[in-house]
Amino acid sequence: MNARLARIRGGRGAGALAPILFGVTVLVLWELLVRGLGVPGAILPPPSAIGQAFVANLPTLWADFVQTFVKGALSGYVIGCSVAFAMALAVDRSDFLKRGLLPVGNFMAALPIIGMAPIFVMWFGFGWQSKAAVVAVMCFFPMLVNTVQGLAAADRMQADLMRTYAASPLQTLMKLKLPAAGPFIFNGLKICTTLALIGAIVAEFFGSPTLGMGFRISTQVGRLALDMVWAVILVAALAGSAFYGVVTLLERAATFWHPSQRGR
């Protein structure tokens, strides 16, 4: 049935039904195998136990979601992407910055998160601010590189035409370079959606108040409450997928004219 649905073309209903059916199949097989083989819950709980833990701990999971995603990941995402976008505009106008800043950005991108997180916790404290700082650093370089590449993607003949029309740098940026860079910019934004949540959760392992997804995972693993750990993972997966989906919808609305959006 999954194979037949995957072959159906045209119609959003069939396209959405195939992954839903596949996911349900995986969950049913997971439940049957865990219960049939008698796997201990401390090793791998069945989906039914994870669902019960999810429903029973909704207030706690909601508080963790607000602490990690809204305060840490989302704020760091906005800061990191905004600063990277502004820096990309400056890099596009300056060969000095292009040759000097991008290698530094490569160095920053290579910094391990498990090394940065404890330092930022010492600098900014145990609250969400240190997690936002980690997320901002993680999001900065992918957004910078994609935006710089997008701004350089404008056709040279079109740029010459803008100069022929005596267009100002601001007019060239708004009417030529930014529209051409749109798909690149949104590609960077989509990459950063997953990096933001991962960075915020990992940073909470190195210091956090008594809230947050990373804090909850580390404490519940110590108690061997794997059903609660998987419930937190479920919240993170739902939040990350929704975040990515929102950015994708914004991309389709903003770059509907681009060839990459045709047929979607």
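Mentor: Happy to! The second largest pocket holds about 190 Å³ of space, and please keep in mind that this is a predicted model. Its lining is made up of Pro47, Ile50, Gly51, Trp230, Ile233, Leu234, Ala237, Leu238 and Ser241. Two elements each give two or more residues to that lining, namely α3 (47-56) and α11 (226-254). Of these, α11 provides the largest share, with 6 residues. Sorted by class, the lining has 7 nonpolar and 2 polar residues, and no charged ones.

Now for the wider setting. The protein chain has 11 helices and 0 strands, so under the DSSP-based assignment, where helices are H or I runs of at least four residues, the pattern along the sequence reads α-α-α-α-α-α-α-α-α-α-α. Of the 264 residues in the protein chain, 39% are buried.

Leu17, Ile20, Val24, Val28 and Leu32 make a nonpolar surface patch of about 450 Å². One of them, Val24, sits in helix α2, which covers residues 12-36. Val24 counts as partly exposed because its relative accessibility is 43%, a value between the 20% limit for buried and the 50% limit for exposed.

Definitions and conventions
Residues are numbered from 1 along each chain as its sequence is written. This is a predicted model: local features need pLDDT of at least 70, side-chain atom pairs count only at pLDDT 80 or more; totals for chains, interfaces and linings use all residues. Side-chain values use heavy atoms; hydrogens and water are left out. Patches are made of residues with over 30% relative accessible area and no salt bridge: like charges are joined within 9 Å, nonpolar side chains (Val, Leu, Ile, Met, Phe, Trp, Tyr) within 5 Å. Accessible areas come from the Shrake-Rupley method with a 1.4 Å probe; for residues, only the protein chains shown count as cover. A salt bridge is a side-chain nitrogen of Lys or Arg within 4 Å of a carboxyl oxygen of Asp or Glu. Buried means under 20% relative accessible area, exposed over 50%, partly exposed in between (1.4 Å probe, protein chains only). On a 1 Å grid over the protein atoms alone, a cavity is a set of points where a 1.4 Å probe fits but cannot get out, and a pocket is an open set with protein on both sides within 12 Å along at least five of seven lines; lining residues have an atom within 4 Å of a point. Grid points are joined across faces, edges and corners, and a volume is the space filled by probe spheres set on the points. Ala, Val, Leu, Ile, Met, Phe, Trp, Tyr, Cys and Pro count as nonpolar, Asp, Glu, Lys and Arg as charged, and the others, Gly among them, as polar.
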